[in-house]
Amino acid sequence: MIRKIARAALILFIALLALIGLFAAYHRDTVQRVLLGGVKVYETTPSALPADIKRPAILVFSKTNGFRHKEAIPAANATLAALAKEKGWGIFQTENAATFRPDILARFDAVVFNNVSGDVFTPDQRAAFQSFVDNGGGYVGIHAAGDDSHKAWGWYADKVIGTRFIGHPMFPQFQKAVIRIEDHTHPATAQLGASWARTDEWYSFDRSPRRPGIAILATLDEASYSPKGLFGSDIAMGKDHPIVWTRCVGKGRALYSALGHTAESFAEPQHRQLLAGAVAWSLRLEGEGCDAPAATPGETAR
């Protein structure tokens, strides 16, 4: 009897290993990106840019060496392109990190990290981006731009984002929750009401980024959803759970929003308003903050 039970257990174990192997083989790219440290792709030759890019201009960057938000990235790119057309901004979208070169970045006034994940830059590219922001360039980070795949880059994780991702709910992964708008004067949140109920994947962080130099625009009401992570782990942050915030990084304006996992997020009118205000602020077209000259609308980047 014992031998039969042991044999059955061995068969089940072998079958489980086979299933895991099949899953890993079929989803090899995802396994590499999520469980094995990400892919290692580093461009050295930039994409060709248009000869003329109208100012103020945004560089929309969506490279992923970590988990890839396959649905959200093109939806966000489409929304940002539509906003640029409406507002009269110049725009260039790329996943080529070699674009992060001083002479190329000089053609832009702000950079948007659209669900960027993983270690995406060479040391020179990191230095170029840091110099761009320190010297007055704008930055807007969307969702995965603040996840734990950036932890090896201390300046970005600590000086730009300002806190460390620890997880998001699972089972269910996507939940309806209530966002509390804390700042109604900032361009990103000025058009929103006191609260905003919506469905997304809700990030938790190891601590609130709230401290001198960081302005919290919106927080998450944890009573409105279940902040339980993988295997039921508690990822609650308590009463102070920021979800959108800003800070000055050198002379640059930086805004991070943890919203935007799903493609549907970028069709929401309120989210679109938030993104429009966030980018306008990063371009110094609206709002206050950070000592650097404003962009001049209508100029052409050479």
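The model is predicted, so local features need pLDDT of at least 70 and side-chain atom pairs count only at pLDDT 80 or more, while totals for chains, interfaces and linings use all residues. Residues are numbered from 1 along each chain as its sequence is written, and side-chain values use heavy atoms, with hydrogens and water left out. The protein chain has seven helices and 13 strands, where helices (H or I, at least four residues) and strands (E, at least two) are DSSP runs numbered from the N terminus. Of its 302 residues, 51% count as buried, buried meaning under 20% relative accessible area, exposed over 50% and partly exposed in between (1.4 Å probe, protein chains only).

**Contacts and core**

- Among the contacts in the protein chain with a separation of 6 or more, 76% are between residues 24 or more positions apart, a contact being heavy atoms within 4.5 Å.
- The largest nonpolar core has 76 residues, and those touching the most other members are Phe100, Phe113, Phe129, Tyr139, Tyr156, Ile179 and Ile243; such a core is a set of buried Ala, Val, Leu, Ile, Met, Phe, Trp, Tyr and Cys residues joined through side-chain atoms within 4.5 Å.
- Helix α7 (residues 269-282) supplies the largest share of this core, seven residues.
- Ile179, leaving aside neighbours within four places in sequence, is in contact with Ala194, Ser195, Trp196, Arg198, Trp202, Ala218, Thr219, Leu220, Ile243 and Leu259.

**Helices**

- In helix α6 (residues 154-161), the buried residues are Trp155, Tyr156, Ala157, Val160 and Ile161, and these pack against β4 (110-114), α5 (123-134), β5 (138-142), β11 (242-249) and β12 (252-257).
- Gly162, which follows α6, has a positive phi near 95°.
- The axes of α3 and α7 come within 11 Å and cross at roughly 60°, with axes taken as lines fitted to C-alpha atoms, for helices over the stretch in contact, and angles running from 0 to 180 degrees between N-to-C directions.
- The two helices α3 and α7 are therefore oblique to each other, given that angles under 35 degrees count as roughly parallel, over 145 as roughly antiparallel, 65 to 115 as roughly perpendicular and the rest as oblique.
- At this packing, Thr79, Leu80, Ala82, Leu83, Glu86 and Lys87 in α3 meet Arg272, Leu275, Ala276 and Val279 in α7.

**Salt bridges**

- The structure holds twelve salt bridges, each defined as a side-chain nitrogen of Lys or Arg within 4 Å of a carboxyl oxygen of Asp or Glu.
- One of them pairs Lys63 with Glu43, whose closest N and O atoms are 2.8 Å apart; Lys63 lies in the loop between β2 (57-61) and α3 (72-87) and Glu43 in the loop between α2 (28-35) and β1 (53-54), so the pair ties together parts that are 20 residues apart in sequence.
- Both partners of that pair, Lys63 and Glu43, are buried.
- Arg126 and Asp119 also meet through their side chains in a salt bridge (3.2 Å, N to O), and here Arg126 is partly exposed at 22% relative accessibility, as is Asp119 with a relative accessible area of 30%.
- Asp221 forms a salt bridge with Arg180, the closest N and O atoms being 2.8 Å apart, and this pair links distant parts of the chain, with Asp221 in strand β10 (residues 214-221) and Arg180 in strand β7 (residues 175-181), 41 residues apart.
- Arg180 is partly exposed, its relative accessible area being 38%.
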